[in-house]
Structure formats: C-alpha cells, structure tokens
Amino acid sequence: MKYLVAVLPGDGVGPDVVNEAIRTLNAVGRRFNHEFQYKFGLIGGISIDKHGRALTQETLQMCSECNAVLLGAVGGPKWDNPQAKARPEDGLLTIRKELDLYANLRPVKMLPMMENSTSLKPEIVRGVDLIVVRELTGGLYFGKPKKRWITKSGARRAVDSMVYTEKEIDRLIRVGWEIALKRRKKLTSVDKANVLESSRLWRQIALEISAEYPQVKLDSMLVDACAMRLIQNPTYFDVIVTENTFGDILTDEASLLSGSMGMLPSASLAGIPEGKNPRAFGLYEPIHGSAPDIAGLNQANPIATILSAAMMLHYSFGLSREAAAVESAVLKVLEEGYRSKDIMSAGMKQVGTIEMGKLIEESI
Ligand code: IPM
Ligand code: MN
C-alpha cells in the first residue's frame, strides 16, 4: 500500500525529531512492504518568517490531501513578543480547527526500565498506563468572545470564553468510550462541575452516554482533584476524557509519570478510532515543545515523535502490527541501555538524536 504523509517539521528541535520519525517509517516500509511518501510544508515561526503567517492556506490544503500529518514543534524566543500579530502557536490552533482534529490522544506509560528517570517515587509511577483524551477544537482556546479592549474608564480588560456545544462534548466522550472498551474499561470524565456551567453540561452528557456503554465504568472527577490524584495514585486511571484547557494542563503533569516529556507521543484525530471504522484522519506530534536551546544540536529525544509515527500507523493507516513493531523497537533500544540526554541516568549509554533514531531503525 502507498501512504501519503504531510510533514510539517516546524521550529526548534522539530526538524531534528521529525527526521528520525521519517527514518522509522521508512524502516517500517522496508520491513512490511509499504510505501510512505512525504510532502513537506512550513508551520510556526519558520512560516511566519517566510509568509508572514504561521500556516498558509496552501499548506493546509496540502495536509488535507494527504492521509495523515506528521508535525514537529512550533515556537521559539524569536517569535515570543506578545504584541506580535502572528504567533507560531496560531499555526497549530488553525490546523487543529480547520481539519477538525477534535480528539487528542495522549497515552502515558511508565516503562519498567524508566522508573528511575522520573522525579517521582518509583513505587508511585510503577505500572502507570493511562491515556488522556483531550478535546482539542473547543473551549477557551476557540470560544467567542475572545478579545482585549479598553473600557470607558480607561482600564484594560480581556475575555476568553469556555463554550461547548452538546455535539462537541458528545463526540469527544464517545472517543473515550471506544478507547476504554479496548483497554481496562474504566473511564474518568474530568470537569469543574462545581463551578462551571459548561462542565455541568459535560458531566450530564457523560452520564447520559454511559447508559450506552454498560461494559465501561464511568466516574466523573473534578479537575483539581484529578491533578492531585495523578501524582498521588496515578495507577488509578485508565482513560481520562476532558475539555481542552484541562487536558492541556493535566497532560504536562502526566508526562512526568512516564519519565520525560521527550517520551510522550500524541494523535489528534478527526473521527472516532477503534469503532466500526478504525481509521481516522489525524495529525501526529510529540507533546513536547520546540526546545530552541538544543535545536540542531543532535540532543533532542526523538522517541516521542517516533511513537507518534507508531500512532499514525495504528490510527490513520490501520497498520497495528507495524505500530507494535515500532513500539517494541523503542522498548528494545531502551532495554539495551541507550538514553538521550533528557532521560540519561547512571550506568546508561548516552546517544544523540540521530544515533537513537538509527538504533530504533536497526531494531525494526
Ligand atoms: C500542546 C501545546 C499547545 C496547546 C500550544 C503550543 C498552543 O501546549 O499541544 O499541549 O496549548 O495546546
Ligand atoms: Mn500543552
């Protein structure tokens, strides 16, 4: 089979890690007899420099014509001015919204050989295996009104709106359910229903849908309690579904449960995976940022992006065997003691971005 992948390396370490994910996909292609073709485009600061905006219509069009999108990272100090008209992050928000990538899957797994690479106690993180399903195209990020102005009395004021429609909540929560069905069948819906109206609607819809999935156990949890439980008793969780901003914050926190942000992949899907039609169009990216301080230095950990490519194989191409081969290759290389700088610990062998990519390629 032939698969067309749009590649948007972006800024900072984006190109470094994306190169290694491409190396991985090519290795999968050779071993399993698939052909991956790539179309490259700009996103983020590099696109602002060239075109004056973080994502052009042409690039967006190119992405929508491919089978999936592989993305590196956006942003950097060069484009950080809060007064600037164009911001690198706009590129990310635009592509998410325009391609309707509403379901953001962020799996967090503590691998046995990584227990000593976290700042948390090994006995707390041992066995962590959860996935956050974050709503990605609604809530505070996109709700209107969203503006800043000066009042009649001359004071500055600003507003963002946490808006959710029934449809937006319903479709996201269903993704959580479908994923839970294939896992340990436990779904935690996270909200702030003691304060927010949008959360009360969220909680009600979660309860209503739960009647359709008797095999899955649903609990609703307040976001502040969830933030605490995540580091107090993280093995409590199987699948978490939550709105955009809560999911953003909780997944940075949860990334520590896997050792390093450099390990965490993500998939942003435009449809329900795992259901009757398991393939969904998606965008795949590491959850870490552009780390401009180490860009181009062959230091970044490519594993998050390589595992994102594995998620692409599974969710967008339906190639589960191939995805599993990538995951075992990563495990093998880690078991052999190879570490990038961010996850380096005593007695391990430190390697650069490219070496790590090549070791994983060989292992596939
Ligand atoms: C993420 C990032 C983005 C977000 C930023 C870069 C806009 O933090 O993917 O989690 O807030 O969604
Ligand atoms: Mn984030």
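Q: Is Tyr236 buried, exposed or partly exposed, and how do I read that?
A: Buried means under 20% relative accessible area, exposed over 50%, and partly exposed in between, using a 1.4 Å probe and protein chains only. Tyr236 comes out at 22%, so it counts as partly exposed. Phe237, in contrast, is buried at 0%. Keep in mind that this is a predicted model: local features need pLDDT of at least 70, side-chain atom pairs count only at pLDDT 80 or more, and totals for chains, interfaces and linings use all residues. Side-chain values use heavy atoms, with hydrogens and water left out, residues are numbered from 1 along each chain as its sequence is written, and chains are lettered from A and ligands numbered from 1 in the order in which they are written.

Q: How many aromatic pairs does the structure hold?
A: Rings of Phe, Tyr and Trp (its six-membered ring) pair if their centres lie within 6.5 Å; planes under 30 degrees apart are stacked, over 60 edge-to-face, and the rest tilted. Here there are six such pairs. One of them joins Tyr236 and Phe237 edge-to-face, with 5.1 Å between centres and 85° between planes. Ring pairs also link Tyr3, Phe36 and Phe317 into a cluster.

Q: Which ring does the charged end of Lys186 sit over?
A: A charge sits over a ring if NZ of Lys or CZ of Arg is within 6 Å of the ring centre and within 35 degrees of the ring normal. For Lys186 that ring belongs to Tyr236, 3.5 Å from its centre. Lys97 does likewise with Phe142, at 4.8 Å.
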